[in-house]
Amino acid sequence: INHLGDWGTQFGMLIYLLKKKYKINYKTKLNLTLDNISTYYKLAKIHFDFNKNFKINSQIEVNKLHKKNPISINIWKQIYKLSIKSFNKIYKLLNIKIFNKGESFYNSLLEKTIINLNKKNITIKSNKAQCIFIEKFKNKKNNMLPFIIKKSNESYNYSTTDITTIKYRIFIEKAKWIIYITDSGQKLHFNMLFKISHKIKYYKKKHKINHIKFGLILKSNGKKFKTRSGKNEKLINLILLGINKAFNIIKYKKNINKNKFILEAKKIGVNSIKFSDLSYNPISNYKFNYKKILNFNGYTSSFILYAYVRIISIKNKTKIIKKISINNLNKQYSLEEQNLILHICQFSEMLSSSIKVLNTHKLTLYLYNLANKFHIFFHKCNVNNSSNKTFRLLLCNITSDTMNKCLYILNIKKIKKM
């Protein structure tokens, strides 16, 4: 589920700016594009940061959204529709199937949440805002931190939506395991959210709730990509540039038609970006570098897929795919064979470990080492002209099956030729 940030302050300031710029009623159709929305957002962010009156009115607009003001909702729907269309293009390109259920979905349930929390006698008024305090969470001055569920201006916030969401997912959708994936800066928020939700019995011991924290994706110069300011490089542009760079790397290949050539470049570019992102410990910051991630050598998807392609080539040449006899196998294994066999045998243990820590970098590292051990085996051990041909074909087959499982889990598309 994609819990879209399709509600809140960023929409409030954008809607207020559009209301100031155009005469809008609840039926007005705006000529919005991704480019001009991006421009409007950048302008709205500057006003919000430096114009107190603009900030106040933007926050009022958020309240109007919560109360379903017809004009505000009209503008919001148009921005939302355009945004979803853009997101779906990216999801399709990345081969991701996802269900969008953003913050806006829970808007009608928020007041019920407030009433329910008040009935449980867990809320306290502090500076006109409704808050929940937990003894465990304090600031540097040893004062308890507020978990604000309703602001002093009567509007809801991120916390209201999140506590509503947990209840909905467990009571309505019957979720048994919920995993949140956000930046590490929200660690405190989720720690408080989980503690409060458990205290009021929105979830129990039989339910599992985890927060996967990720660090920053940095540019190659070490500077971070900015999002809230609107100065960031668009994800779609990063992906398309990756595909274009892959195209330039393989354009000198012969004996391949144009359509297959474009498809191969697309797979290499997208695979490289996805594998790179999944290969880091999520809590760590990392530099986004096209030259590194598109390399055919080293810790990259192309290096791994090259090993897979080699196995496919061996299978095709021998016309043996799955039906390989294991009778009368030579039990004298070379060091390269032993290393490859032992690594394949570690697959289940590695997968269990990855699930336990909820990290994909263990899986990507395992896959890289598997490819590396196969490359060594391939160079040292002749397959087709060997007395151990049957066993080595079997080993190639098991290696490709293990690779298939890893690539499937990581959602990396296979390539038959490179």
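This is a predicted model: local features need pLDDT of at least 70, side-chain atom pairs count only at pLDDT 80 or more; totals for chains, interfaces and linings use all residues.
**Figure 1. Trp76 and Tyr80 sit about one helical turn apart, being four residues apart in helix H4 (residues 70-93).** Trp76 is buried, at 9% relative accessible area, whereas Tyr80, at 23%, is partly exposed. The chain holds 19 aromatic pairs in this structure. In the one shown here, the ring centres of Trp76 and Tyr80 are 5.0 Å apart and the planes meet at 25 degrees, so the pair counts as stacked; the cut-off for stacking is under 30 degrees.

**Figure 2. Phe105 and Tyr168 make an edge-to-face pair.** Here the planes stand at 75 degrees, with 5.4 Å from centre to centre. Phe105 belongs to the loop between H4 and helix H5 (110-119), while Tyr168 belongs to helix H6 (residues 158-172), so this pair ties together parts that lie 63 residues apart in sequence.

**Figure 3. Four aromatic residues join into a cluster.** The members are Phe275, Tyr299, Phe303 and Tyr368, linked through ring pairs.

**Figure 4. Ser159 is a buried residue of helix H6.** Its relative accessibility is 8%. Which residues does Ser159 contact, leaving aside its neighbours within four places in sequence? They are Phe147, Ile148 and His189.

**Figure 5. Stepping back, here is the whole chain as a setting for the close-ups.** The secondary structure comes to 15 helices and seven strands, and the C-alpha trace spans about 85 × 50 × 40 Å along its principal axes. Of the 418 residues, 45% count as buried. Among contacts with a separation of 6 or more, 74% are between residues 24 or more positions apart. The accessible surface is about 24700 Å², with 54% of it belonging to carbon and sulfur atoms. Finally, the chain has 81 positive and 18 negative charges, and their mean positions are 3 Å apart.

Notes:
Residues are numbered from 1 along each chain as its sequence is written. Side-chain values use heavy atoms; hydrogens and water are left out. Rings of Phe, Tyr and Trp (its six-membered ring) pair if their centres lie within 6.5 Å; planes under 30 degrees apart count as stacked, over 60 as edge-to-face and the rest as tilted. Helices (H or I, at least four residues) and strands (E, at least two) are DSSP runs, numbered from the N terminus. Buried means under 20% relative accessible area, exposed over 50%, partly exposed in between (1.4 Å probe, protein chains only). Contact means heavy atoms within 4.5 Å. Accessible areas come from the Shrake-Rupley method with a 1.4 Å probe; for residues, only the protein chains shown count as cover. Lys and Arg count as positive and Asp and Glu as negative; His and the chain ends are not counted. The place of a charge is taken as NZ of Lys, CZ of Arg, CG of Asp or CD of Glu.
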